[in-house]
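Hi,

Here is the structure I promised to pass on. My notes follow below it.

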Number of protein chains: 2
Amino acid sequence: MPKLWNETIETHRRAVRDAILNTTAELTAEHGLRSVTMSQIAENAGIGRATLYKYFPDVEAILLAWHDRQITEHLRQLAEVRDQTDGAGEQLEAVLRAFAHISRQSRGHHGTELSAFLHRDERVVRAQQRLHGMIRDLVSEGAQTGVFRDDIAPDELATYCLHALTAAAALPSEAAANRLVTVTLSGLRDGHPTPDDRRPTSRHQHQERHTERSGH
Amino acid sequence: MPKLWNETIETHRRAVRDAILNTTAELTAEHGLRSVTMSQIAENAGIGRATLYKYFPDVEAILLAWHDRQITEHLRQLAEVRDQTDGAGEQLEAVLRAFAHISRQSRGHHGTELSAFLHRDERVVRAQQRLHGMIRDLVSEGAQTGVFRDDIAPDELATYCLHALTAAAALPSEAAANRLVTVTLSGLRDGHPTPDDRRPTSRHQHQERHTERSGH
């Protein structure tokens, strides 16, 4: 078979798969995890039941695949936000705000039962570890340049961040979620100046006790 | 029947009930939620099966009663810690340290399955609301006396505290849990002085912007 044909097949398969994932996520959000059947999914996705079973063995497998796609996309978004910003302090702030936003959006999708089911998945644990690593590295960088506290290990501070931000899902507004990020960052700064406090001319002289080590 | 007899009966019933709760908690922690039977519980508590069924219909009912007793005791401990300390800043610190300690102790008892089962209980929600109220009141008092930030509502700050401290259960040591409390409190202080920073002679002059409102 020519390569082009394989690519066409692959594109088609991905489109069908995406349609199955989207349809299942919508049906589950609407009717609950237990009441959605493979027949309903096939019908709503506009494919035959036999075709559906060629892709997935059951509803739970579809939901896990959907969740995996969501997680991958969210990690990609957070890495993008980080890379579009300069300076560890500003980068961490941008990442935490984006994460709080994602947490708030995701809660609409998840019933308690669905959420409990999905979070037993190992892939969630691995994604949380990657996110934890991303935050830890930014905290570590910020501690070295004097924007974050350095009396507590970055690893522990990252754990603190992630747990504090789980509150975002329960907050009533984006504004409240932003205030949560502000408070959480205050915990990391512990009186170290925020970017707003620094005058441009004295940007690198604000933390005397860090001057020697960070080489400013 | 004379009153004394009733009291004796009541004391006996409470002792049997406590023995049932303790035994069930131990067996569940050891063998898991699903594998513990009413017969095992009766045997380990040193009572007959018929007696056990006069107290509780099934294992789940016993576990819920046990958890209810734990929650009530923990809330009592936290209120006691608060009342034995002076000043909202110090009180909140003491309460959060005690709560982090309790969270760490409780994790040993809970398998994931047991924990998930117990936390579906409504009483847990009510207990969390009471704890939230306790923290909110201390934050509010501290904001008025200038030890905590006042740019964000005490209610939101209490939500932040409780979520941040859920990290305690996952931390490897009491020392790490104490550092978590320190970071969490930094978020509430946002550069407002800690008790250690204040000289005794200037205890009430340290926060000029709060002087008027709080009447110092």
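The unreviewed UniProt entry annotates residues 37-56 of chain A as "DNA-binding region" (positions are in the numbering used here, feature names are shortened, and such annotations may be inferred rather than shown by experiment). Mind that this is a predicted model, with local features needing pLDDT of at least 70, side-chain atom pairs counted only at pLDDT 80 or more, and totals for chains, interfaces and linings using all residues. Residues are numbered from 1 along each chain as written, chains are lettered from A and ligands numbered from 1 in the order written, and side-chain values use heavy atoms, leaving out hydrogens and water.

Residues 37-56 of chain A are 75% helix and 0% strand, with the end C-alpha atoms 12 Å apart; helices (H or I, at least four residues) and strands (E, at least two) are DSSP runs, numbered from the N terminus. In helix 2 (residues 38-45) of chain A, the buried residues are Met38(A), Ile41(A), Ala42(A) and Ala45(A) (buried is under 20% relative accessible area, exposed over 50%, partly exposed in between; 1.4 Å probe, protein chains only). Just past helix 2 of chain A, Gly46(A) has a positive phi of about 75 degrees.

Now the aromatics: there is 1 aromatic pair over all chains. The ring centres of Tyr160(A) and Tyr160(B) are 6.4 Å apart and the planes at 90 degrees, so the pair is edge-to-face (centres within 6.5 Å; under 30 degrees stacked, over 60 edge-to-face, the rest tilted). Both Tyr160(A) and Tyr160(B) are buried.

Cheers

Definitions and conventions:
Rings of Phe, Tyr and Trp (its six-membered ring) pair if their centres lie within 6.5 Å; planes under 30 degrees apart count as stacked, over 60 as edge-to-face and the rest as tilted.
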